[in-house]
Amino acid sequence: MGILSLNLFISALRLATPIALVALGETYSERAGVINVGVEGMALAGALSCAIVAYFTGSPALALIAAIGIGASLGALHAVWSVYLRADHVVSGAAVNLLVTGFALFLTRVIWGWRGTSPSAPTMNAWILVGVGVFLIALSQVYIFRTPWGLRLRVVGEHPRAADTAGINVYRTRLFYTVLNGALCGLAGAFLFNNLGRFTDGMVGGRGFIGIAAMVVGNYRPLPALLAAYLFGFVDALQMRLQEYIPSQFSLMLPYILTVIVLAGFLGRAQVPKALGKPYIKEQG
Amino acid sequence: MEGIVKRFPGVLANAGIDFSLSWGEVHGLLGENGAGKTVLMSILYGLYQPDQGRIFVRGKETRIRSPHVAIQLGIGMVHQHFMLVPRLTVLENMAVGWEPRLGPLLDRRAMREKIEALVEEYGLEVDPDAKVEELSVGEQQRVEILKALYRGAEVLILDEPTAVLVEQEVEALFSTIRTLKEQGKAVVFITHKLHEALEICDRITVLRKGKNVGTLSASEATEEGLAEMMVGREVVFTVSPEPVKSEGRVLLSVEDLSARDDRGVPVVRGVSLQVYDHEILGIAGVQGNGQKELVEAIAGLRRPTSGRVKVGEHDVTGRSPHTLASRGLVHIPEDRHLRGLILTFSVEENAVLGRHREPRFALGPWAQRRSAIRAHAQELVRRFSVSVPGLSAPARTLSGGNQQRLILARELSRAPQVVLAVQPTRGLDVGGMEFVWEQFLKARKEGAGILLVSMDLDEVMMLADRIAVMYQGEIVAVLRRGEATKRELGLLMLRGKGAVD
Ligand SMILES: Nc1ncnc2c1ncn2[C@@H]1O[C@H](COP(=O)(O)OP(=O)(O)OP(=O)(O)O)[C@@H](O)[C@H]1O
Ligand SMILES: [Mg+2]
């Protein structure tokens with residue numbers, strides 16, 4: 001049957017999962033007004049901590065918890081920098097990425113004596129995480145648009161002063177959703193580890209940034225972002241098959257080229273939250 | 001409120017103000033631009049903390065730490081710049097923070113019923129499911145008032161509510177205010193229009209330079225008396241333009257101009273007009289008849305779909321505002337926050353905005369002449385009596401009226417050939433209006449041509465040598481001074497050509 005088999009669509013779903021999880025996390029934090037480009041690092045930290053805990057305890061469940069916890073902590077770090085100390089969001093996120101990349105090299109070396117990789121460690125079935133991801137995304141669609149908390153979230157990112165007068169704590173809201181973003185990135189990292197069975201330092205490989213692109217294409221809505229992520233996952237799966245026919249150096253570029261093209265088309269159209277990236281300063285005095 | 005003192009760096013905004021409000025009263029708050037009205041009310045609403053002074057609510061001393069606390073005390077405020085999220089619906093904007101719930105979900109049905117009940121009670125028509133960005137300013141204001149009432153406001157502070165309304169809307173607002181009063185609620189009404197204060201208020205308090213200069217009952221007040229209290233001297237309410245002779249040179253010529261609004265609807269349809277030297281051409285019309293888009297198309301801020309614009313001999317259709325300025329056309333925009341000033345920039349930076357590349361103010365493309373800029377700003381602030389906390393204070397900290405003065409100062413100081421002015425006196429106090437009118441007449445006397453767009457018919461009739469009436473995107477009549485009565489103009493504005501037959 002050639003390239004387009006049922007298998008292709010199924011592996012596309014697997015490849016889409018980390019992208020979709022990052023897109024969901026970023027949707028939450030940007031809706032609250034916080035740009036987080038630290039998603040790459042947060043996912044990588046999730047994958048690494050998952051590998052370490054799985055390797056030493058042999059428990060994939062504990063490893064999962066560790067991944068989420070580390071992601072959330074990095075989210076908190078980013079929130080403290082950008083929301084409370086009013087650092088530039090992009091700079092703070094980039095700092096997270098650098099920090100994690102350095103740590104990953106260091107820790108793999110110290111623990112296993114290898115540069116940037118781990119030996120294989122116990123995993124759980126990655127399909128469980130695919131299911132969890134899809135469930136969370138569907139739930140978030142309802143949460144953001146149908147619940148009081150979702151409404152508050154949207155107001156905080158659009159008009160923080162209006163939120164403030166309505167008694168909503170803008171800072172705490174931003175902290176909460178940035179931590180949530182980190183946790184979801186950690187989950188994405190955990191998926192990557194369980195999918196491959198070990199850690200390598202290039203395993204996130206731009207999927208965090210592609211996740212942000214999927215969020216933009218989905219116009220800050222979880223379900224459309226999932227569809228966008230699936231499209232990226234599909235192209236990724238496709239390029240793997242194409243490697244039989246064309247040099248892998250070319251086929252590997254496909255998902256990234258697609259990202260650039262799609263983003264160019266959607267960037268202008270997305271309804272970016274009004275207060276995105278702007279620090280909120282309470283009326284003083 | 002007793003002895004309220006509030007200092008900002010460089011200004012004493014409130015210098016020990018006593019202010020009281022009783023149930024069932026409408027209390028007018030008047031004062032010049034920068035007198036401290038907004039600051040005083042923001043303190044009552046919990047936005048600012050007073051440096052000194054005490055606040056009593058229902059006889060009990062209270063500290064109002066935040067607007068949220070104020071709202072819980074039953075105090076609501078409608079700001080001049082609305083606190084609404086344009087992308088959300090009316091329902092969502094009103095609900096946020098006080099959402100009715102159905103399990104974990106927002107109960108839209110219950111919310112809609114509550115809104116409808118309020119709409120019914122106060123006669124404030126709005127569609128709960130409309131997006132706020134699709135509403136007119138008047139409708140947005142209704143949403144703000146409804147929002148405050150939904151949150152249980154017993155005291156409602158309205159900061160210059162009528163500045164953005166047309167006459168019919170003002171009437172509707174007044175009837176809402178009367179309903180509130182009958183229910184025993186209290187309303188603070190800030191305005192610069194003295195006749196409105198006299199019409200709707202029970203008591204009136206006048207502030208001057210951060211002090212309360214007197215509270216009197218509306219029945220014993222007169223416009224002249226109030227104006228004098230505000231400014232500290234006699235004020236004239238009208239200016240009479242002295243006749244000047246035009247040389248018949250066309251300074252601005254618009255030929256068959258058409259343009260679309262932001263949604264792509266054609267709202268300017270084949271407008272032609274000329275502005276001569278030594279002339280003020282007024283454009284009268286009900287808001288939303290294409291005046292805004294017409295001016296933007298002339299000013300180079302909106303691409304016309306057809307037609308030409310000429311300044312003097314030069315065709316400037318679709319050219320940038322910068323080119324237009326170099327041809328001697330200046331624009332005093334309607335939205336001072338969006339187009340007039342950069343609020344986070346300092347007064348001096350704003351004072352040279354658009355001129356910052358002139359050799360006077362810049363050393364090549366990379367460096368500024370700071371001292372020249374500062375001297376220029378100093379001069380403008382002095383000549384146009386803009387009251388500012390300091391030249392390096394951000395424009396955001398100026399009171400509304402002083403922001404407008406700063407824009408006028410910047411634009412009129414360029415010795416323009418053509419002035420495009422939209423609602424130039426909106427939000428100005430009586431002294432400020434007088435000042436703007438004088439400046440326009442001075443520019444006219446010196447030979448400039450002025451295109452004045454205003455919703456205030458009295459202003460247009462007083463200043464303009466000719467009046468063009470705009471209705472549904474077309475100029476339906478051009479009349480010379482004195483050719484039509486206010487009533488006839490009003491009819492033309494409301495019904496177009498068919499009105500006078
Ligand atoms: N946040 C702030 N920081 C510094 N100064 C301020 C701030 N807010 C207001 N001021 C100053 O306080 C004074 C009083 O301002 P306020 O806004 O109360 O005037 P107003 O009476 O409402 O005038 P207007 O009629 O022009 O709106 C002004 O001189 C203004 O520049
Ligand atoms: Mg004010």
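The model is predicted, so local features need pLDDT of at least 70 and side-chain atom pairs pLDDT 80 or more, whereas totals for chains, interfaces and linings use all residues. Residues are numbered from 1 along each chain as its sequence is written, chains are lettered from A and ligands numbered from 1 in the order in which they are written, and side-chain values use heavy atoms, without hydrogens and water.

**Ligand 1**

Select ligand 1 and the 19 residues around it, each with a heavy atom within 4 Å of the ligand. Among these residues, B:Gly34, B:Thr38, B:His192, B:Thr397 and B:Gly401 come nearest.

Next, select B:Thr38, where a polar side-chain atom lies 2.6 Å from an oxygen atom of ligand 1. Then show B:Asn33: an N or O atom of its side chain is 2.8 Å from an oxygen atom of the ligand. Both are polar contacts, that is, pairs of N or O atoms within 3.5 Å. The protein covers 92% of the 630 Å² of accessible area that ligand 1 has on its own (Shrake-Rupley method, 1.4 Å probe).

**Two loop residues**

Move to B:Glu160, in the loop between strand 10 (155-159) and helix 6 (167-182) of chain B; helices (H or I, at least four residues) and strands (E, at least two) are DSSP runs. B:Glu160 has a positive phi of about 45 degrees. Most residues other than glycine have a negative phi. With 10% relative accessibility, B:Glu160 is buried (under 20%, 1.4 Å probe, protein chains only).

Finally, select B:Ala415, between helix 14 and strand 22 (418-422). B:Ala415 has a positive phi of about 50 degrees and, at 64% relative accessibility, is exposed (over 50%).

Note on methods. Polar contact = N/O pair within 3.5 Å; in protein donor to acceptor, adjacent residues only side chain to side chain.
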